[in-house]
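Have the structure open as you read.

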Amino acid sequence: MALLEVRDLQIHFRTATGVNRAVDGLSFDIEAGEALAVVGESGCGKSVTSMSILGLLPTPPGKIAGQIRFRGQNLLNASESRMRKLRGAEIGMIFQEPMTSLNPVFTIGQQIGESVRLHEKASRAEARDRAIEMLRLVGIPSPERRVDEYPHQLSGGMRQRAMIAIALACNPALLVADEPTTALDVTIQAQILDLMQDLRSKVGSAVMLITHDLGVVAEFAERVLVMYAGRKVEEATVRDLFRTPRHPYTQGLLKAVPRLGSSLGAETSVRLAEIPGRVPDLSKPLRGCAFADRCPRAQEVCHRIDPALETKAAGHLAACHFAPREVSAA
Amino acid sequence: MTDAPHLIEVRNLVKRFPIGGGLFSRSHKVVHAVSDVSFHIARGETLSLVGESGCGKSTVGKCLARLIPLTEGEITLDGQRIDGLSRSQMKPVRKRLNVVFQDPFSSLNPRMTVEDLVAEPLRSHGMARTRAERHARVGDLLEKVGLAREAMARMPHQFSGGQRQRICIARALASEPDIIICDEAVSALDVSVQAQIINLLMDLQKDLGLALLFISHDLAVVEHMSDRIAVMYLGRIMEIADRESLFRHPRHPYTRALLSAVPLPDPEADRDRAVLTGDVPSPIDPPSGCFFRTRCPMATDRCAAEVPALRDMGAGHMSACHYAEDV
């Protein structure tokens, strides 16, 4: 049994123009201690998936079906009080924008201590000591002073460190990090990624990292799940995915990213590979493969039949009629 | 070097913002947003300004477009001073110099049709007299940026982020400018759409001989787009060089650290990262000497005492580091 098992997750939103299928039949596992990255572009459903795991999606307007099993228990049936016990204790979370995720009227120490007091019934003094210890762990200088400061007194990088300190205060088994470094500058991003990697090995948490940045994926994750239009189109180890991407969307994404060093030495400027067109409107029913309209390899069958996720090589899944399959793969 | 002036010449640009202080108290604190920045842009060239948030790159762009007044310094366009011009004197300059911003959602008036939006600069610069002429010009512009002519009847909310950015670019092109300032113009876009817009900008530049001032924090995009690059930190230019030279042989420890911090989309890349410690100091109270010294692995006492000048390291590669030879 994996730590987290998501089975046939459907997240639909009723909107004025119809039912928006934000997530459409998503299944994946996260093993204990593993770093899984979920990549995709805006609107592919990666963030709503993370919100649904945390039980933070309001229903209605959302409608969630399928299963999200954490340690074998389906979270979708769990009561709100059960979810409250899980959140912050066993499942930690980090969001993109630390300024709006931190409460401006409480000190950093109070916010870190809150989950410790709540989940571990620690006293005020114990919670404060733990807060100082956590701030030291995430590399905030002079934690004894910072613990009594308010979020506005910290820089962006320090606020994100404080968020991480809150998320990890109760040693969660799973950390859900939604674009944790997107709002940060590169030099600070490098610090935060190093810190998350370091803490993962110390605390042993599994991490579900949601990001649009393929560079961050390559540096941080062990396994990658690529989403497009609410569906999983490819899943593989980081190494396999970057070496031999099998889905045309993944291939297109990897070619569309400008890379450092790639355009040096060229006489004329290099053109980036474009993925023509745009993401389909999810409030209209999709027929066939969601990527077919933008796919350079699309055939008639792609517009008719939605390709199933198939094992194309050991541990490498792709949902494409024409993705090459290795001979040895079952 | 010829004597003909560069398209854009910026000399010793300084921008300070006073902060704090109410109506009755005299404020003495100032944010040193841009300190003594000089550069030039040739016709048809792309110069990029890179740096992290708060480094002053956008402020330089805004001063150049005269969206905010500068505190000190000179800006010339084709040899003509534009820094002291009045609003009405600026009008012919605005025709030649346009801006595309990061957020295409807030840069387009939601109550105007695409036709009105793109025709506005044509009308204001008197470039198309009749309605039919304007209609035809708008159609041509939309096609040039990869949109259908029919798009002009629609409203901005009916377009995706990438398409809106195309509308902003069409608007910026309408007055047939010599230079467009792109302030993080592709930063808010998804990778696949970002590639489309980058290609579009590069094509337009080639076809129209446009110069670009490309302001960005994304070094990979900058490497892809630019002829020359200026790296800014805390309001100063740390290094300025042509693309090959800067990316192959950075001569400033900050540039080197920036480059090594960029996550590469290659899990098998083998590199030793120089992770900078600490945060960027406050621009209200910047450190003495070299602004980068508080985070610099190479800093010595000299760096605290003396502001390093931008020095030519050969072939126009300028670095503001006392120890540029050793980087």
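1. Starting inside: the second largest cavity holds about 60 Å³ of space. A cavity here is a set of points, on a 1 Å grid over the protein atoms alone, where a 1.4 Å probe fits but cannot get out. Points are joined across faces, edges and corners, and the volume is the space filled by probe spheres set on them. Residues with an atom within 4 Å of a point count as lining. Among those around this cavity are B:Cys290, B:Cys296, B:Cys303 and B:Cys321, along with B:His252, B:His322 and B:Arg293. By class the lining has nine nonpolar, two polar and one charged residues. For the classes, Ala, Val, Leu, Ile, Met, Phe, Trp, Tyr, Cys and Pro are nonpolar, Asp, Glu, Lys and Arg are charged, and the others, Gly among them, are polar.

2. Before going on, some housekeeping. This is a predicted model, so to speak of local features takes pLDDT of at least 70 and side-chain atom pairs need 80 or more, while totals for chains, interfaces and linings use all residues. Residues are numbered from 1 along each chain as written, chains are lettered from A and ligands numbered from 1 in written order, and side-chain values use heavy atoms, with hydrogens and water left out.

3. The largest cavity has a volume of about 80 Å³. Its lining has 14 residues, and nearest the centre are A:Pro248, A:Cys289, A:Cys295, A:Cys302 and A:Cys320. The lining splits into 11 nonpolar, two polar and one charged. The count of cavities of 30 Å³ or more is seven.

4. Now the second largest pocket, at about 870 Å³. Of its 29 lining residues, A:Gln110, A:Gln111, A:Glu114, A:Ser115 and A:Ile166 are closest to the centre. A pocket is an open set with protein on both sides within 12 Å along at least five of seven lines. α4(A) gives the most to the lining, nine residues. The lining has 11 nonpolar, 11 polar and seven charged residues.

5. Finally, is B:Arg295 buried or exposed? At 5% relative accessibility, B:Arg295 counts as buried (under 20% relative accessible area, 1.4 Å probe, protein chains only). A polar atom of its side chain lies 3.2 Å from the backbone oxygen of B:Thr277. Leaving out residues up to four places away in sequence, B:Arg295 touches residues including A:Thr187, A:Ile188, A:Gln191, B:Glu52 and B:Asp279 (heavy atoms within 4.5 Å).

Notes. Helices (H or I, at least four residues) and strands (E, at least two) are DSSP runs, numbered from the N terminus. Buried means under 20% relative accessible area, exposed over 50%, partly exposed in between (1.4 Å probe, protein chains only). A polar contact is a pair of N or O atoms within 3.5 Å; within protein, one must be able to donate a hydrogen and the other to accept it, and residues adjacent in sequence count only if both atoms are side-chain atoms.
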